[in-house]
Amino acid sequence: MFKKKELLKVKSIVVDPETMRDLKTAEEFCNRGMAYYARKKLDLAEKDLITAVTMNGEMVDAFYALGMVYKSAAKNEEAVRAFETVLELLGQGVVKNANR
């Protein structure tokens, strides 16, 4: 009755944040911050993600990741502020596909 859905397999790329140097863009700082977060290096993740949102105040992914870092570090007030910023940016239409 229903056709079987085709599954796409995505191969993850291992990113070592220690090898990411000479960062210049908000996206690069965000990527390294998320890599540090994945390794539970919360202080380093926080530093990079703050740099990313300072460089680009409309970077929803960086604010969301920063909220996750704060949540993991039990910095609840900071986490709430970061997540509120995500919601504000989404409400402003900064992200074209907000359903992702």
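Me: Which residues touch the most other members of the largest nonpolar core?
Reply: In this predicted model, they are Cys30, Leu49, Ala52, Met59 and Ala62, within a core of 23 residues. A nonpolar core here is a set of buried Ala, Val, Leu, Ile, Met, Phe, Trp, Tyr and Cys residues joined through side-chain atoms within 4.5 Å; buried means under 20% relative accessible area with a 1.4 Å probe, protein chains only.

Me: Which elements give two or more residues to this core?
Reply: These are α1, α2, α3 and α4, and α3 gives the most, with seven residues. Helices are DSSP runs of H or I, at least four residues, numbered from the N terminus.

Me: What is Ala62 in contact with, leaving aside neighbours within four places in sequence?
Reply: Ala62 then contacts Cys30, Leu49, Ala52 and Val53, where contact means heavy atoms within 4.5 Å.

Me: Which residues of α3 are buried?
Reply: Val60, Ala62, Phe63, Ala65, Leu66, Gly67, Val69 and Tyr70 are. They pack against α1 (26-38), α2 (42-55) and α4 (76-91).

Me: At what angle do α3 and α4 pack?
Reply: The angle is about 160 degrees, and the axes lie 8 Å apart. Axes are lines fitted to C-alpha atoms over the stretch in contact, with angles from 0 to 180 degrees between N-to-C directions. That makes α3 roughly antiparallel to α4, a label for angles over 145 degrees.

Me: What about conventions?
Reply: Residues are numbered from 1 along each chain as its sequence is written, and side-chain values use heavy atoms, leaving out hydrogens and water. Local features need pLDDT of at least 70 and side-chain atom pairs count only at pLDDT 80 or more, while totals for chains, interfaces and linings use all residues.

Conventions:
Buried means under 20% relative accessible area, exposed over 50%, partly exposed in between (1.4 Å probe, protein chains only). Angles under 35 degrees count as roughly parallel, over 145 as roughly antiparallel, 65 to 115 as roughly perpendicular and the rest as oblique.
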